[in-house]
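Reader: Hello! Could you walk me through this model before I set anything up?
Author: Gladly; here it is, and then please ask away.

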Amino acid sequence: MPRTPTAARGAIITGWGTALPDKVVTNVDLESMMDTNDAWIRERTGITQRHVGGTTAGLSAEAGRAALDHSGVDPATIDTLILATTTPDRTVPASASTVQEALGLSCGAFDVNAACSGWVYALVTAHGLIAMGAEKILVIGTDTLDRITDYTDRNTGILFGNGSGAVVLEAAEGAGQMLGWDLDSVGAAESALFAEVGGVLEMEGREVFRRAVRLMADSATKAMESAGVVADDISLVVPHQANIRIISASLDRLGIPLDRASIVLDSTGNTSSASVPLALADALDKNRIADGELLLFVGFGAGMSAASAVVRWSPDAPLFTARSAPEAS
Ligand code: ACO
């Protein structure tokens, strides 16, 4: 199991931002598009509405700009832009390139596709780059799932929506925020949830549900073990927002009460790569996270992928400066 090396240069989140398209589709709206009803969707998923429209690059630029403004970081100093998405605007190039141009950044830019685990994959990747010398990274998670969802199919059409969430990650003195992490994939379960190129999402709902509960709990446990903490130490879980029953069942396995989770899926639906940063921003905006508290990010998705990270919230930790760099020997 990977362990975060104690000698590695760490990072802290210094700003965050979100973007949701204006257009909202409620459960009641869906009743005229497929054989379903508002009460069933709310009871079986916890979702009341979702946002549709926009482009992956457009929403990413909006959330990314908000995160940059919030952090106060000069965009010219961003080293790298990582965009987690499973719905790029084009097959080629990476949507990160379009976002880079829109934000006026001069840096490396690439997409990460790990479905709904994508943003946690990107966050862990960004920490690795900072350990290797990068100083400021913009980590965005965005999906425009309306482009690959059949809104006449009640099996999938009730679940998905569009959105974006972003954070600015800056190098810190010392070990930084991330105490432990886990990245997982079970390729043998690929057929449970997929979309062909140019196609729509096809899903075996019960199979995804069953695997998701186990995968989330297993991945979270590995991340906590790698951080050397236990479930009782976690102040807030920031889970992938797929279905309230999946979140509740996986937290049950972990022995963490549901009121210790940040939940936004009632108003966003499943926004894939955007769902963890949207839930993080919501908790921060509501002052649910205090300095020094432990957060557990946990995602799962098609692949089937899973990713978790344990973070000690410490926005005021001293930032790395050239002066704090160790002398070269
Ligand atoms: N509206 C009304 N009734 C419905 C609907 C609907 N949309 N869908 C199914 N039903 C009916 C079924 O016909 C069935 O009726 P019956 O008992 O008379 O046969 C009953 O409701 C129960 O059907 P199930 O398929 O067992 O419903 P379930 O409780 O499993 O809920 C759901 C379905 C919501 C899809 C659930 O399985 C689920 O959330 N699965 C995980 C999906 C998921 O999280 N996907 C995203 C993964 S992340 C990523 O990478 C994108």
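Reader: What percentage of the residues in the protein chain is buried?
Author: This is a predicted model, where local features need pLDDT of at least 70, side-chain atom pairs count only at pLDDT 80 or more, and totals for chains, interfaces and linings use all residues. Residues are numbered from 1 along each chain as its sequence is written, and side-chain values use heavy atoms, with hydrogens and water left out. Buried means under 20% relative accessible area, exposed over 50% and partly exposed in between, with a 1.4 Å probe and protein chains only. Of the 329 residues in the protein chain, the buried share is 53%.

Reader: What is the radius of gyration of the protein chain?
Author: The chain has 9 helices and 13 strands; these are DSSP runs numbered from the N terminus, helices being H or I with at least four residues and strands E with at least two. The globule rule, 2.2 Å times the number of residues to the power 0.38, is compared with a radius of gyration taken over C-alpha atoms. For 329 residues the rule gives 20 Å, so the chain is as compact as a globular protein of that length, its radius being close to that at 19 Å.

Reader: Is Ala 115 buried or exposed?
Author: Ala 115 is found in the loop between β5 (108-112) and α5. Its phi is near 50 degrees, a positive value in a residue other than glycine. With a relative accessible area of 8%, Ala 115 is buried.

Reader: And Asn 287, buried or exposed?
Author: Asn 287 is found in the loop between α9 (275-285) and β12. Although not a glycine, Asn 287 has a positive phi of about 55 degrees. At 68% relative accessibility, Asn 287 counts as exposed.

Reader: Where does Pro 93 lie?
Author: The peptide bond from Val 92 to Pro 93 is cis, with omega near 0 degrees. As for its place in the chain, Pro 93 lies in the loop between β4 (80-84) and α4 (95-103).
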